[in-house]
Amino acid sequence: MSHIKVVDQLIEEKKELFMDMSDRVWDFAETAFLEKQSADYIVSKLEEQGFEVERGVAGIETAFVGTFGSGAPVVGFLGEYDALPGLSQEKGVAEHKPIVKGGNGHGCGHNLLGTGSFAAAIAVKDYMEKHGIEGTVQYFGCPAEEFGDGKAFMAKEGVFDELDFALCWHPAPINSVFKMNVLAVNQVYFRFKGRSAHAAASPHLGRSALDAVELMNIGVNYLREHIIPEARVHYAVTNTGGDAPNVVQSDAEVLYLIRAPKVSQVQSIYKRVCKIAEGAALMTETELEIVFDSGSSDMVENHTLDSVMEKNLYELEPPQFSEDEVAFAEKIRETLSEEERNTLWASGIEGVALTDFVIDREAQDSSAGSTDVADVSWIAPTTQALTTCIANGTALHSWQAVSQVGTSIGQKGMLYAGKVMAATALDVMQDPELLQKAKTEHSQVAGKDRYISPIPDGVKAGLTE
């Protein structure tokens, strides 16, 4: 029996465990670096399955590594379990119904992501035991992918240095190999401190921190014309200094995300943004504090691993959906605007509610985004799968996504992803020539640049207060 059929059986035998885990993490819905219940739960299940777990890696409370086996080759499965703020939503409902107003929700499906990688790690471990395969399988519990770049902090501390190759996946509206224009990113707080005063009686005595934030934002708006077109600069005013207009605001803060195709380009733009912030502080006679929060790298693709994963996507049957599941997906699509419904990840799926077939990687439409998986890709050959967990047109960071990733639609995609990753891992682990080919390609693509952490020395994960 081929290992593909064995992997399929191994995951099916334990699918109740995996489905329950995805439900539990969906319920926890914890945000960046606060995923204590999620991490504790996954750690307990790793230990039950025979993994030795190291907790608090890289000095991060909710980061951990589960290990089974010893020696080479070493395969790593990347797991995420953080949610997003403000996306609380009942599951399986095609209307906006927050469970807790302003609460958290798994808008990117990381309840599925972490569990699918867990399923793959367990399946590979079980296969190794049954067939006497040598090597090491590791599950990496990676917090704060959405806000905080947990893997980048882990990479800086050498957590992934022993890997021979790494595998991951992401919930999506299609079945394919990940193809995204991954941009490097810096996330930075700019905090201004001025002097309060009565805005009518003595405004001349005040120095407005909010004015500094506004002037900085205006300056960055002018900067956008003079940076490379592939770059993106986003911001959110995270502290306006209060809600009393008759008080000159003494404190204000803005959070910036700076993206570009290469880490070096991000760093160049970041320096220019800092100069604008310094100018705003000079104009308003306020004090400026710059707090670097997090950052992640651009992606090193590995076509050798991508090809193996694509083969397994085809050889394993993609999820087939029931009439009720398709009907629910259609109801979700009715809540979307026409533009959203027509925003598709690939051609050939127009009018399809749920994609139940495989899309060739090269048939995907290119889109831009950022992920800290990229930092791992600089250290070891890395590939990612996409599997159908949401209806076509669904935006990942939306209440519609939260509703779907808590249902059987998302769980079917999750189990499929686990099987694809496990089969891919075993293909590579049992073929030394294939592994060497992936490593050679990685070395050639990474080239002389190799991995340079985007995180400055001294910056600690999650410490933004």
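Which helix gives the largest share of the nonpolar patch? Helix α6 (residues 209-223) does, with three residues. Helices here are DSSP runs of H or I with at least four residues, strands are runs of E with at least two, and both are numbered from the N terminus. This is a predicted model, in which local features need pLDDT of at least 70, side-chain atom pairs count only at pLDDT 80 or more, and totals for chains, interfaces and linings use all residues. Residues are numbered from 1 along each chain as its sequence is written, and side-chain values use heavy atoms, with hydrogens and water left out.

Leu215, Ile218, Tyr222 and Met283 make a nonpolar patch of about 440 Å². Patch residues have over 30% relative accessible area and no salt bridge; nonpolar side chains (Val, Leu, Ile, Met, Phe, Trp, Tyr) are joined within 5 Å, like charges within 9 Å. Areas come from the Shrake-Rupley method with a 1.4 Å probe, and for residues only the protein chains shown count as cover. Tyrosine 222 sits in helix α6. Its relative accessible area is 61%, so tyrosine 222 is exposed. Exposed means over 50% relative accessible area, buried under 20%, and partly exposed in between (1.4 Å probe, protein chains only).

Now go inside. The whole structure has one cavity of 30 Å³ or more. A cavity is a set of points on a 1 Å grid over the protein atoms alone where a 1.4 Å probe fits but cannot get out; a pocket is an open set with protein on both sides within 12 Å along at least five of seven lines; lining residues have an atom within 4 Å of a point. Points are joined across faces, edges and corners, and volume is the space filled by probe spheres set on them. The largest cavity holds about 100 Å³. Its lining includes Phe178, Met180, Glu301, Asp306 and Arg361. Strand β13 (residues 382-388) gives the most to this lining, with three residues. By class, four lining residues are nonpolar, four polar and three charged. Here Ala, Val, Leu, Ile, Met, Phe, Trp, Tyr, Cys and Pro count as nonpolar, Asp, Glu, Lys and Arg as charged, and the others, Gly among them, as polar.

The largest pocket has a volume of about 1000 Å³. Its lining has 45 residues, and Met180, Ala368, Gly369, Leu396 and His397 lie nearest its centre. Strand β5 (165-172) supplies the largest share of the pocket lining, four residues. The lining has 20 nonpolar, 16 polar and nine charged residues.

Return to two residues of the cavity lining, Arg361 and Glu301. Their side chains meet in a salt bridge (3.1 Å, N to O). The pair links distant parts of the chain: arginine 361 is in the loop between α10 and β12, glutamate 301 in the loop between β11 and α8 (303-315), 60 residues apart. Salt bridges that share partners join Lys179, Glu301, Asp306, Arg361 and Glu362 into one network. A salt bridge is a side-chain nitrogen of Lys or Arg within 4 Å of a carboxyl oxygen of Asp or Glu. Arginine 361 counts as buried because its relative accessibility is 7%. Glutamate 301 is partly exposed, at 33%.

The structure holds 25 salt bridges. Side chains of opposite charge can pair when their charged atoms come close. Glutamate 48 is exposed at 54%, whereas lysine 45 is buried at 17%.

Finish with the backbone. The peptide bond from alanine 72 to proline 73 is cis, with omega near -5 degrees. Proline 73 lies in the loop between β2 (64-70) and β3 (74-79). Alanine 29 is not a glycine, yet has a positive phi of about 45 degrees. Alanine 29 is buried, at 9% relative accessibility. Glutamate 285 also has a positive phi, about 55 degrees, but is exposed at 55%.
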